[in-house]
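Please read this report with the model open beside it.

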Amino acid sequence: MKESGRKQGAASPCAACKLLRRRCAQDCVFAPYFPAEEPQKFANVHKVFGASNVNKMLQELPVHQRGDAVSSIVYEANARVRDPVYGCVGAISSLQQQIDALQTQLALTQAEVVHLRVRQTASFPHGFCPTSPSNSGSPTFKLMGPQTMPIFDLDMVVDQASLGEPMWSF
């Protein structure tokens, strides 16, 4: 996080003081975190939380924790501006839904790989595997040809309630 909101001796106020139209004091609590070059950063924070509330929050924290607090406040304020009803929770919920969908897709793909491996193993007796570098050009494979009927069929059922561990059925 940028720690210098304004240069020593410079007359330029920080973004907070500029927006609030006040003189930026030397010990301004906002200056290290809201530089004049980023006015929208404080504008969103002020719009959502109010300058007075943010001032109180920052003054209650030790100086070494204020940078992280400002980052969180800015993130939440920006999320609230984008989505006034849900804010960060809406973003988290959306990401969780994406994770759930991708986990389901991954489980289905893993099941398909297992299914294909079982079918391949069942089609080629005695551990013969046509994709093995030593067997791929084998004349026996060319004469034998792949069997089309697997010994057993393996399917996967995805439990939508848990979306956790896949259930296997034979």
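What follows describes the predicted model part by part.

## Ground rules

This is a predicted model, in which local features need pLDDT of at least 70 and side-chain atom pairs count only at pLDDT 80 or more, while totals for chains, interfaces and linings use all residues. Residues are numbered from 1 along each chain as its sequence is written, and side-chain values use heavy atoms, with hydrogens and water left out.

## Overall layout

The protein has six helices and two strands. Helices (H or I, at least four residues) and strands (E, at least two) are DSSP runs, numbered from the N terminus. The order from the N terminus is α-α-α-α-α-α-β-β.

How much of the protein is buried? Of its 170 residues, 29% are buried. Buried means under 20% relative accessible area, exposed means over 50%, and partly exposed lies in between (1.4 Å probe, protein chains only).

Contact means heavy atoms within 4.5 Å. Take the contacts between residues at least 6 apart in sequence: 47% of them join residues at least 24 apart.

## How the helices pack

Two packed helices are described by the angle between their axes and the distance between the axes. Axes are lines fitted to C-alpha atoms, for helices over the stretch in contact, and angles run from 0 to 180 degrees between N-to-C directions. Angles under 35 degrees count as roughly parallel, over 145 as roughly antiparallel, 65 to 115 as roughly perpendicular and the rest as oblique.

Start with helix H3 (residues 51–60) and helix H4 (residues 63–82). Their axes come within 9 Å and cross at roughly 150°. H3 and H4 are therefore roughly antiparallel. The crossing of H3 past H4 is right-handed. A crossing is right-handed if the near helix is turned clockwise from the far one by less than a right angle, and left-handed if anticlockwise.

Which residues of H3 and H4 meet? From H3 come Val54, Met57, Leu58 and Gln59. From H4 come Arg66, Ala69, Val70 and Ile73. This contact of H3 with H4 divides into six nonpolar residues, one polar and one charged. Here Ala, Val, Leu, Ile, Met, Phe, Trp, Tyr, Cys and Pro count as nonpolar, Asp, Glu, Lys and Arg as charged, and the others, Gly among them, as polar.

H2 and H3 pack at about 100°, with axes 7 Å apart. They are therefore roughly perpendicular to each other. On the H2 side, Phe42, Val45, His46 and Phe49 take part. They meet Ala51, Asn53 and Val54 in H3. The contact of H2 with H3 has five nonpolar residues, two polar and no charged.

## Aromatic rings

A search of the whole structure finds three aromatic pairs. One of them joins Phe34 and Phe42: an edge-to-face pair, 5.1 Å centre to centre, with 75° between the planes. Rings of Phe, Tyr and Trp (its six-membered ring) pair if their centres lie within 6.5 Å; planes under 30 degrees apart count as stacked, over 60 as edge-to-face and the rest as tilted. Phe34 and Phe42 are both buried. Together with Phe30, they form one aromatic cluster.

## Single residues

The table lists relative accessibility for some residues.

| Residue | Relative accessibility | Class |
|---|---|---|
| Asn44 | 10% | buried |
| Asn55 | 24% | partly exposed |
| Arg66 | 15% | buried |
| Ala79 | 3% | buried |
| Arg21 | 78% | exposed |

The contacts below leave aside neighbours within four places in sequence.

Asn44 sits in helix H2 (residues 39–49). It is in contact with Ala77, Asn78 and Val81.

Asn55 belongs to helix H3. Its contacts are Val29 and Phe30. Asn55 and Phe30 are 25 residues apart in sequence, yet 7.5 Å apart in space, C-alpha to C-alpha.

Arg66 lies in helix H4. Its contacts are Val29, Tyr33, Leu58, Gln59 and Leu61.

Ala79 is also in helix H4. Gly87 and Cys88 are in contact with Ala79. Val89 is 10 residues from Ala79 along the chain, and their C-alpha atoms are separated by 8.8 Å.

Where is Arg21 found? Arg21 is in the loop between helix H1 (15–20) and H2. Its phi is near 55°, a positive value in a residue other than glycine.
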